[in-house]
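Work through the exercises below with the sequence and the 3D structure in view. Try each task before reading its solution.

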Amino acid sequence: MRSEYDVIVIGGGPAGLAAAIKAKELGLNVLLIENREFLGGIPLQCVHPGFGIHYFKEDLTGTEFIHRIIERFRALDVEYYTNAHVLEVVPYSYRHKILRIVTEEGLFEVAARTVVYAAGARERHMFEIGITGHRVAGIYTAGEAQTMMDIYGVMPGKEIVIVGSGDVGLIMARRFTLEGAKVKAVIELMPYPGGLTRNVVQCLEDFGIPLYLSHAVTRVEGKKRVERVIVTKVDEKLRPIPGTEESIECDTVVLAAGLVPYLKVIEKAGVEIDPATRGPVVNSYLETSVPGIFVAGNALVINDLVDYVVEQGEEAAMGAYEFVKNGGLPALKWRKLVKGRNIRLAVPHYLADTKDVTIYARVGEPEENVRLRFPEIGKEIRLPFVRPSEMIRVKLKKEEIARAKDRITMEVVRDE
Amino acid sequence: MSEIKKFRLTCIVCPLGCTVEVTMEGDRITGVEGFTCPRGKDYAIQEIREPKRIVMSVVKVRGGRFPTVAVKSDRPVPKELIPAIMKKLAEVEVEAPVSVGQVIVENVLGTGANIVATREA
């Protein structure tokens, strides 16, 4: 390990690997830190297809996708540590951060001119989604169950109830069924499925798995292991309706109730958090409110596609490159991206006319035949539909950004 | 004149999830509507005639970095054969090292599809 790097990348999943590759290609000296025992992150345990359609123009499994990225990373001979943790990122000065890193060789203090934080997300657990009851064996998050089954080859249970119908929940329902378990039900709080329609079709309908919409698992019961869950209907305000309880026998509960950006290390460094994304507030270089700390992937915003995660990794590395080259970012004037009608979240939060930018956003409500409008810059895009489960990705050119004074509103408007 | 039947399908080729309606007169497909690209039309016809899917799973590995290797069928296989293919894969055990793309089972159950590795081991 050197004593100083141009960029230290935290996280060896798709965002971190992409950032390290790009930074190395741009000529920076790079160190990557991964806390698991292997590089690759979550796609390494995603044996299903649906990865790389944009980035590689091919439909790959998660494992194939990340293999290609790892091959590139290896070819560039980037310095990295696995089984290593970053304990602390200290914003020592505008141009220097000090990182305290634990590896198998001991504790190190290393300086970095920039940091790309790409530590991904954590899964929401049962207490965050209002499930009460016994704390027995047989309750897993989707990611834990996936690691057990698809890396270590151990089935988490025989009769499974899945909480949450996002793409993760749906895909896990299919995986469990194919591997011989019985998925008794998928329980969804909202009145519509959280994931893509095609996943409802090919993961649930293909196997006759019941989907309970507008329902919540309110209680887990069992002595040593899960024996049943209590499922309750919810009203329009998502409150359980007394008297509608129903019991489903099962030995396993899998929670696929969403992800939250995992920010522990950089939160302590003082980055500002957006309550909508629960990730950091960033500018169009994906720099956080702490100069020189960049963020990418699911640590920035929960993405639908690994393709976007990789794109953000590369973007953050280019931001780090500009920072290293100029001793800070070149942009001086920031325009605030303002969330207008039916925009629930949008990143980056501040835009500059020094570069083109890709905006990632989600709507609050599903709508059909709409226009995505940026009134201050006179840009409009027609969309056949918008859905909360599908991220909107749109590019703004720097000339367009330059037309706005201090704010750029993004809104969804209905066709008259 | 044979009976006219209509089937409504959700295309699973891409995230758009178009609703495609297939009209059949007896055994003949006489109309396909609602698709927004040629792949959607092909999917709907295939889905009516003989539904097919890519199969993915993991198989056991001896002496590898991980106890399993991820695999998939290199082309879609008939949906009705999937349970039998899964049963077959549960019995397969391979020796490490395994590289991505390596054929694990050739021409699985006579489908013409190979089971290939999608992760190193």
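**Exercise 1: the contact between the chains**

Next, the ground rules. This is a predicted model, where local features need pLDDT of at least 70 and side-chain atom pairs pLDDT 80 or more, while totals for chains, interfaces and linings use all residues. Side-chain values use heavy atoms, without hydrogens and water; residues are numbered from 1 along each chain as its sequence is written.

Now the area. Buried area is the accessible area (1.4 Å probe) lost on being put together, summed over both parts. B:Pro15, B:Met56 and B:Arg119 supply 25% of chain B's share, more than any other three residues.

**Exercise 2: charges across the contact**

Task: count the salt bridges between chain B and chain A.

Solution. Look for a side-chain nitrogen of Lys or Arg within 4 Å of a carboxyl oxygen of Asp or Glu. The count is 4. One of them joins A:Asp206 to B:Lys79 at 3.0 Å, N to O.

**Exercise 3: a strand with two faces**

Task: sort the side chains of strand E27 (residues 392–396) of chain A by face.

Solution. Strands are DSSP runs of at least two residues, numbered from the N terminus. A:Ile392, A:Val394 and A:Leu396 point to one face and are buried, meaning under 20% relative accessible area (1.4 Å probe, protein chains only).

How values were computed
Chains lettered and ligands numbered in written order. Buried < 20%, exposed > 50% of the residue type's maximum accessible area, 1.4 Å probe, protein only. Helix = DSSP H or I, 4+ residues; strand = E, 2+ residues; numbered from the N terminus. Buried area = accessible area lost by both parts, 1.4 Å probe.
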